[in-house]
Amino acid sequence: MNETRLTTLEQVRAFLGGTTEVGFGATGAGEDERYRHISGVLARFGYKRLKKPDKGLILRYLQRTTGYSRQQITRLVRCWCEGRALRKNYRAPAHGWVRKFTDRDVELLAETDALHNTLSGPATVHLMRRALESYGDSRYARLATISVGHLYNLRKARGYVARRQVFTKTRPTGIAIGVRRAPTPDGRPGFIRIDSVHQGDQDGVKGVYPISLC
């Protein structure tokens with residue numbers, strides 16, 4: 001941003017009011033660039049010597065030109081007033097977050113559950129510890145240290161679900177409501193034989209079903 005034309009408080013008020021006294025340009029969007037801009041504005045307007053209303057004006061101007069919140073601007077201005085250089089003090093850690101259980105561990109858990117029909121969490125953890133400590137299976141070196149709670153998290157992992165989840169079509173269940181066979185009354189009363197014959201359809205019209213009782 002090119003804001004060298006703003007040298008007085010009146011121009012800052014006009015800028016905040018929506019005038020075009022300042023021209024914007026791509027001069028860098030990094031933290032260091034914005035810190036230099038804040039330091040330059042504070043030094044140019046002699047922020048320490050300003051009255052309270054004028055300080056508020058400068059703070060609003062810095063909010064507008066940097067995109068920082070009022071709390072961030074206040075903190076940075078305080079640092080500048082204390083004589084400290086504005087610079088980024090945070091950085092990525094030397095050793096970032098490392099995933100403890102790998103995709104191979106998830107596959108091994110799926111294999112173990114497949115062999116044992118997916119036991120409960122505590123039982124599965126016990127099996128994996130036993131595999132390492134009693135049988136020396138080094139594949140379980142990491143899984144043997146897993147907590148029961150995190151075991152259930154791994155069972156929700158995409159790799160686990162892809163190996164263990166099986167979809168089957170719904171199978172209809174037949175319910176016998178009658179038996180189709182000739183009656184065998186053996187001379188006893190109370191039996192009846194019911195026969196039905198479909199006469200067939202004609203011209204798209206359903207045919208009738210004659211029923212005979214004997």
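Contact here means heavy atoms within 4.5 Å, and helices (H or I, at least four residues) and strands (E, at least two) are DSSP runs numbered from the N terminus. The structure is a predicted model, in which local features need pLDDT of at least 70 and side-chain atom pairs count only at pLDDT 80 or more, while totals for chains, interfaces and linings use all residues. Residues are numbered from 1 along each chain as its sequence is written, and side-chain values use heavy atoms, with hydrogens and water left out.

## Overall make-up

The protein has eight helices and two strands. Along the sequence they follow the pattern α-α-α-α-α-α-α-α-β-β. Of the 214 residues, 26% are buried; buried means under 20% relative accessible area, exposed over 50%, and partly exposed in between (1.4 Å probe, protein chains only). Among contacts between residues at least 6 apart in sequence, 54% join residues at least 24 apart. The accessible surface comes to about 16000 Å², and carbon and sulfur atoms hold 53% of that area. Accessible areas come from the Shrake-Rupley method with a 1.4 Å probe; for residues, only the protein chains shown count as cover.

Helix H6 covers residues 121–133, which is 13 residues, and reaches 18 Å from its first C-alpha to its last, close to the 18 Å expected at 1.5 Å a residue. The expected span of a helix is 1.5 Å times one less than its number of residues. Gly121, Thr124, Val125, Met128 and Ala131 are the buried residues of H6. They cover an arc of only 125° around the axis, which puts them on the same side of H6. The arc is that of the directions from the helix axis to the C-beta atoms. Helix H5 (103–116) and helix H7 (148–155) pack against these buried residues. On the other side of H6, His126 and Glu133 are exposed.

H2 has 14 residues and a reach of 20 Å from first C-alpha to last, close to the 20 Å expected at 1.5 Å a residue. Tyr35, His37, Ile38, Val41 and Leu42 are buried in H2. Seen down the axis, the buried residues of H2 fall within an arc of 160°, so they line one face of the helix. Their cover includes H3 and helix H4 (70–81). Just after H2, Gly46 takes a positive phi of about 60°.

## The loop between H5 and H6

Two residues with positive phi are found in this loop. Asn117, in the loop between H5 and H6, has a positive phi of about 60° although it is not a glycine. At 67% relative accessibility, Asn117 is exposed. Thr118 lies in the loop between H5 and H6 as well, and has a positive phi of about 50°, again without being a glycine. Thr118 is partly exposed, at 33% relative accessibility.

## Salt bridges

A search of the whole structure finds eleven salt bridges. A salt bridge is a side-chain nitrogen of Lys or Arg within 4 Å of a carboxyl oxygen of Asp or Glu. The table gives some of them.

| Pair | N to O distance |
|---|---|
| Arg13 and Asp54 | 3.1 Å |
| Arg34 and Glu31 | 3.0 Å |
| Arg104 and Glu107 | 3.2 Å |

The side chains of Arg13 and Asp54 meet in a salt bridge. This pair links distant parts of the chain, with Arg13 in helix H1 (residues 9–16) and Asp54 in helix H3 (residues 52–66), 41 residues apart. Arg13 is partly exposed at a relative accessible area of 40%, whereas Asp54 is buried at 15%.

Arg34 and Glu31 both lie in helix H2 (residues 31–44), three residues apart, about one turn of the helix. An α-helix has 3.6 residues a turn, so residues three or four places apart point the same way. Arg34 is partly exposed, with a relative accessible area of 23%.

Arg104 and Glu107 are likewise three residues apart, both in helix H5, about one turn of the helix. Salt bridges that share partners join Arg104, Glu107, Glu111 and Arg163 into one network. Within it, Arg104 is partly exposed with a relative accessible area of 37%, and Glu107 is partly exposed with 23%.

## Nonpolar surface patch

Ile192, Ile194, Ile211 and Leu213 form a nonpolar patch on the surface, with about 440 Å² of accessible area together. Patches are made of residues with over 30% relative accessible area and no salt bridge; like charges are joined within 9 Å, and nonpolar side chains (Val, Leu, Ile, Met, Phe, Trp, Tyr) within 5 Å. Ile194 is in strand S1 (residues 194–196) and counts as exposed at 55% relative accessibility.
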